[in-house]
Protein chains: 2
Amino acid sequence: MNARLLLTCIVFYCSIANAQEIQYIDARTLNLYGKAHSGGAHYHRVDTARYSDMPRSVKRLSTQASGLCIAFKTNSREIHARWSTPITRTLRNLPAVASHGLDLYIRRDGQWVFAGAAVPHDSVSTRRIVGNMAEGEKECLLFLPLYAELFNLEIGVQPGSTLESLSIPWKGKVVIYGSSITQGASASRPGMSYPSILSRHLGYEFVNLGFSGSGKMEESVSRMIADIKEVDLFILDCAANPSPQQIEERTESFVKYIRQHHPNVPILMIASVVREGSNFDSNVREMVTGQNSNFEKAYKRLLASGVKNLHFIKGDELLGRDHEGTIDGTHPNDLGFDRMVKVIEPRVRKLLRK
Amino acid sequence: MNARLLLTCIVFYCSIANAQEIQYIDARTLNLYGKAHSGGAHYHRVDTARYSDMPRSVKRLSTQASGLCIAFKTNSREIHARWSTPITRTLRNLPAVASHGLDLYIRRDGQWVFAGAAVPHDSVSTRRIVGNMAEGEKECLLFLPLYAELFNLEIGVQPGSTLESLSIPWKGKVVIYGSSITQGASASRPGMSYPSILSRHLGYEFVNLGFSGSGKMEESVSRMIADIKEVDLFILDCAANPSPQQIEERTESFVKYIRQHHPNVPILMIASVVREGSNFDSNVREMVTGQNSNFEKAYKRLLASGVKNLHFIKGDELLGRDHEGTIDGTHPNDLGFDRMVKVIEPRVRKLLRK
């Protein structure tokens, strides 16, 4: 708490020093989308006190802001941000702008168009995200850091310009649960995680429940997921982290628990991407084959047991065929995510149309 | 020099401690491709002592290993690397595995297939890049760090296995000169810079002369480039760094100097990618439009003055049309590089066929 207070003071000091030029407002006054439930710390995806029986790693990762986005409108010709995150060494297979940065989209002709990324300096960063824009009101969507807790965020605009919360007319809500890949490793910037791409393409709010290395279908996690209200689709992209045996043991009860609480909502199971590390490594190949095979078997058993409106996507073609779709043999790069979206989006669109 | 000595000692110590398990050999005994000329420090792209009149930033960036690759063959079932680079804060818009890591490809059915990336720990790193491979000899190509000087590199294999230098039967050599984008920002890993992708696709050795922020067509640099021997194609992707005025002033003499020393070699000029930061920022848009317009005008003046075998690619379509092809509005992500390759490769293939 002391570290946070100190950070807040530093930010406040900078605020005064720069006050003549740019007006900042606390982003907590603006609409925030992508949280699993209301309550808990503002920029935590999940209220970890309410679901205190979840595994420790899932609770820690729940505090990271992946998939959250802030919506606002402004007539300012430039947009700034000032934000703070923990001082941690960034990941070696994810650029800092993705893990700790911000990513701004502005609506143009009904589409969300990339406007600028805010590359972090350090634990406290100040950036002009975009400038020299045309006059007139802009509708903005700001994606938050994929792999960092966000302590504080202020949006800055030119003095005398407007800055108001924006209500997005989402068509509905999709909940996606999974691994580091779901959380967004290794997109180039926050808006490029594949759930966020799907969200922009489909016009649905996405709740990103990707937990790096920890998407293992524990009972406590199924309770947290089943508690989410007004869901139009559940996507389970959670075959990458559990062992083949855990997949065999856990998948059916996990899916059934969600089904029990959401009798009519479609559930889409997605097999793991075929790790490109397995191109030559037979152990990796064996592991992923075991995971995906057991995930698909569980899907078939669930169908056979009478679970309705349950769907499956195989993993083989998710990253294309040239073996170039990952940063490290495991985590998709933007090319890999683009290919995943090309496979997954039409299936999801069909399920949401029903 | 002392820091380097210390690093070497640390590496040597680790070498002894681990000697029972993995046999390391100094990669300087293996074939190295991608250097501009022979001579100079082993892993420097350019001999900076020989071209001491180049701008200071170009000389500094010449020491970074972008585009260099090591070729070897081994019957080991696993491949390790131990390497050292400067202790610097990594870039915020490039993952550390791209700037300071290694990227291994293995030949399968005549194609270079991704085998594994070596993610750096720190300034000295040891990694198993791939393991559990099938028996038999593998032909390997290891791409070196995009944005770091490489002080030392050792390749490790299982005791008793072979490890020999490999001669790649390149069809010829392409020299590519440009900016940070040419140097590889912001690929996800070293093999994913667009010149390296082109190299694998086309079977030509590529000399990467991308100098981040410093590809500004100085006279001293043209002398260094014109000195390169046995070139089949020059690619000039250097409209991103100079001001529109510098482009107007420098392009013709730069191209003519190369033409004078290589009368029959095709020269391909590529306009700058349309910065996605310009989607809403009119100043960025104006700057890039000015750069590309002046680059194309210079091309037309060169043609009019009788320069033969000179070619041009416009920048508009290089990153596709969805505005998602960059990490930060300027530097292509893997999706952007993939799209650049799709535009550039057919043109290059045609020029090399002549």
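Predicted model: local features only at pLDDT ≥ 70, side-chain atom pairs only at ≥ 80, totals over all residues.

Colleague: Okay, which residues of helix α5 of chain A are buried?

Modeller: Helix α5 of chain A covers residues 194-202. Going by that cut-off of 20 or more other C-beta atoms within 10 Å, the buried residues of the helix are Y194(A), P195(A), S196(A), I197(A), L198(A) and S199(A).

Colleague: And what do the buried residues of α5(A) pack against?

Modeller: Look for the elements of chain A around them. Two of these are helices, α4 (180-183) and α9 (334-353). The rest of the list is β8 (138-143), β11 (173-178) and β12 (205-210).

Colleague: Why does F295(A) count as buried?

Modeller: First find F295(A) in helix α8 of chain A. The cut-off for buried is 20 or more other C-beta atoms within 10 Å. F295(A) is buried because the number of other C-beta atoms within 10 Å is 25.

Colleague: Which residues is F295(A) in contact with, leaving aside its neighbours within four places in sequence?

Modeller: Contact here needs C-beta atoms within 7 Å. With those sequence neighbours left aside, the partners of F295(A) are A239(A), I247(A), T251(A), M269(A) and A271(A).

Colleague: Now the domains: which element gives the most to the side of domain 1 of chain A that touches domain 2 of chain A?

Modeller: Chain A is split into domain 1 (2-33 + 65-165) and domain 2 (173-353). Their contact takes 19 residues from domain 1 of chain A and 21 residues from domain 2 of chain A. On the domain 1 side, α3 (96-100), β5 (102-108) and β6 (111-118) of chain A each supply at least two residues. The element that gives the most, with three residues, is β5(A).

Colleague: What about the other chain: how do the residues of the side of chain A that touches chain B divide into nonpolar, polar and charged?

Modeller: Here 38 residues of chain A are in contact with 38 residues of chain B. Elements of chain A giving two or more residues to that side are α3, β6, α8 (282-304) and α9, and β6(A) gives the most, with five residues. By class, the side of chain A that touches chain B has 17 nonpolar, 13 polar and eight charged residues.

Note on methods:
Residues numbered from 1 in each chain as written. Chains lettered and ligands numbered in written order. Buried ≥ 20, exposed ≤ 12 C-beta atoms within 10 Å, placed from the backbone. Helix = DSSP H or I, 4+ residues; strand = E, 2+ residues; numbered from the N terminus. Contact = placed C-beta atoms within 7 Å. Domains from an automatic or database assignment. Nonpolar A, V, L, I, M, F, W, Y, C, P; charged D, E, K, R; others polar.
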